[in-house]
Amino acid sequence: MSQLKQMSHLDNIPSTPGKFKMEKSSPYINRLRVHSSLAKLTFWSFIFLGVILFFFFRSPSSNPLPSDPSRRSLRTFNWGGPAFEKRIRSSARVRARNGISVLVTGAAGFVGTHVSAALKRRGDGVLGLDNFNDYYDPSLKRARQALLERSGIFIVEGDINDMALLRKLFEVVSFTHVMHLAAQAGVRYAMENPSSYVHSNIAGLVSLLEVCKNANPQPAIVWASSSSVYGLNTKVPFSEKDRTDQPASLYAATKKAGEEIAHTYNHIYGLSLTGLRFFTVYGPWGRPDMAYFFFTRDILKGKTIPIFEAANHGTVARDFTYIDDIVKGCLGALDTAQKSTGSGGKKKGPAQLRVYNLGNTSPVPVSDLVSILERHLKVKAKRHILKLPRNGDVPFTHANISLAQRELGYKPTTDLQTGLKKFVRWYLSYYSGGKKAAG
Ligand SMILES: O=C(O)[C@H]1O[C@H](OP(=O)(O)OP(=O)(O)OC[C@H]2O[C@@H](n3ccc(=O)[nH]c3=O)[C@H](O)[C@@H]2O)[C@H](O)[C@@H](O)[C@@H]1O
């Protein structure tokens, strides 16, 4: 009823003041009334407009993130303005001759931090992007961010689903490459929070590729797939030619979907795309959700650690790969990536589409990993042997890396013994209060 009244009131407002019809009462009084209601309307319109503009400029991010239950921390990010753009430009500035300018997504993550630092050391331009979610202790991500900041790398705080932000970054810097490492990682967590995998690994990947395909020039993209795409494949070692249509976890399925999505964007838009299948990456500044990391923590605390075994007391093994080797593989992929062929959303010719295994080629049983940790920590582990749960885990992984060796010059040099020694040294230094110094 009141709405109807309001609407009828609005109907009486003249579109052109001079054409307003006056009835009954004196023309002078009527004119006064008209003028005073016009003044009121103008006044309130200005107030309304002012409020809208205030909120618009206060929060330049038009972050369109849906109210998605998969998001662990519902946050909006503030970005924009001249100071923000200046920081972006300075971080992405190329200092070496023939250097590249790279947008690294997931830069506060484990692999992202190491790759960003390595690029910067070579004189490449690096801009980071990370949403600092709380899948694991965000203070570790903040410590990695502080580390990168010291070498002049700025990490923009935002989500890969925020296309307006991505477009802004490409508007300010013509990135030659994108190193896409932002993802929802972890094999077992996918049963707890499936939608977070769809949100980051599928929707996020598509938003990023949408912005990249419209960019002019289009960047070349190198991104993190996973050894888990081999799923229930039993042929060893795993070669890129083997089947990858039997994922054992939703995590693996989203990474496999990513590889198919990459094919589509390469095919339709001429984007140069390289997927890297990482094999259980470990090392300093690593991920606390991974077994080697929380085994270390729990061995030191005297807590029992669950060690999985396969059916009939079979061994569970992983092709553990040291972070420095992975970084070399990532740089090799960036350096051999050809340019995308399209521009502004239009394909101009066929573009490069690649997938590589980045592993260590020597699987180690998980029980041996624990023995190595015991030696380095000088503490005996309390082992509890359990049957491999049916929650997405696979019994073993083993990479055939000959393709990466041939085409990327990839050659891992760190064995598990040496790599874990470096990890333990970092771990003890970082968690014994030397957080800032741990390098
Ligand atoms: O290679 C990969 O693509 C994947 O490697 C790891 O996945 P995963 O190999 O399962 O690594 P961890 O969770 O650290 O497990 C390592 C080994 O320890 C075993 N494990 C794990 C947890 C546990 O409580 N006990 C245990 O024995 C697992 O079965 C596995 O064999 C990462 O977590 C994934 O994000 C990554 O994509």
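In the predicted model, a search of the whole structure finds 18 salt bridges, a salt bridge being a side-chain nitrogen of Lys or Arg within 4 Å of a carboxyl oxygen of Asp or Glu. Local features need pLDDT of at least 70 and side-chain atom pairs count only at pLDDT 80 or more, while totals for chains, interfaces and linings use all residues. Residues are numbered from 1 along each chain as its sequence is written, and side-chain values use heavy atoms, with hydrogens and water left out.

One of the salt bridges joins the side chains of Glu259 and Arg277, with an N to O distance of 2.7 Å. Glu259 belongs to helix H8 (residues 250–269) and Arg277 to strand S6 (residues 273–278), so the pair ties together parts 18 residues apart in sequence. Helices (H or I, at least four residues) and strands (E, at least two) are DSSP runs, numbered from the N terminus. Both Glu259 and Arg277 are buried; buried means under 20% relative accessible area, exposed over 50%, and partly exposed in between (1.4 Å probe, protein chains only). Another salt bridge is formed by Arg243 and Asp245, whose closest N and O atoms are 2.8 Å apart. Arg243 is partly exposed, at 48% relative accessible area.

Helix H3 covers residues 82–92, and its buried residues are Phe84, Glu85, Ile88, Ser91 and Ala92. These residues are on the same side of H3 because they cover an arc of only 130° around the axis, the arc being that of the directions from the helix axis to the C-beta atoms. Exposed residues Pro82, Ala83 and Lys86 are carried by the face of H3 turned away from its buried side. Within H3, Glu85 and Arg89 lie four residues apart, about one turn of the helix, and their side chains meet in a salt bridge (3.6 Å, N to O). Glu85 counts as buried at 19% relative accessibility, whereas Arg89 is partly exposed at 39%.

The loop between helix H2 (27–58) and H3 contains Phe77, which counts as buried at 5% relative accessibility. A distance of 8.6 Å separates the C-alpha atoms of Phe77 and Asn131, which are 54 residues apart along the chain.

Lys328, Lys378, Lys421, Lys422 and Arg425 form a positive surface patch. Patch residues have over 30% relative accessible area and no salt bridge, and like charges are joined within 9 Å. Helix H13 (residues 416–431) provides the largest share of the positive patch, three residues. Arg425 lies in H13 and is exposed, with a relative accessible area of 56%.

Methods: Patches are made of residues with over 30% relative accessible area and no salt bridge: like charges are joined within 9 Å, nonpolar side chains (Val, Leu, Ile, Met, Phe, Trp, Tyr) within 5 Å. Accessible areas come from the Shrake-Rupley method with a 1.4 Å probe; for residues, only the protein chains shown count as cover. Lys and Arg count as positive and Asp and Glu as negative; His and the chain ends are not counted. The place of a charge is taken as NZ of Lys, CZ of Arg, CG of Asp or CD of Glu.
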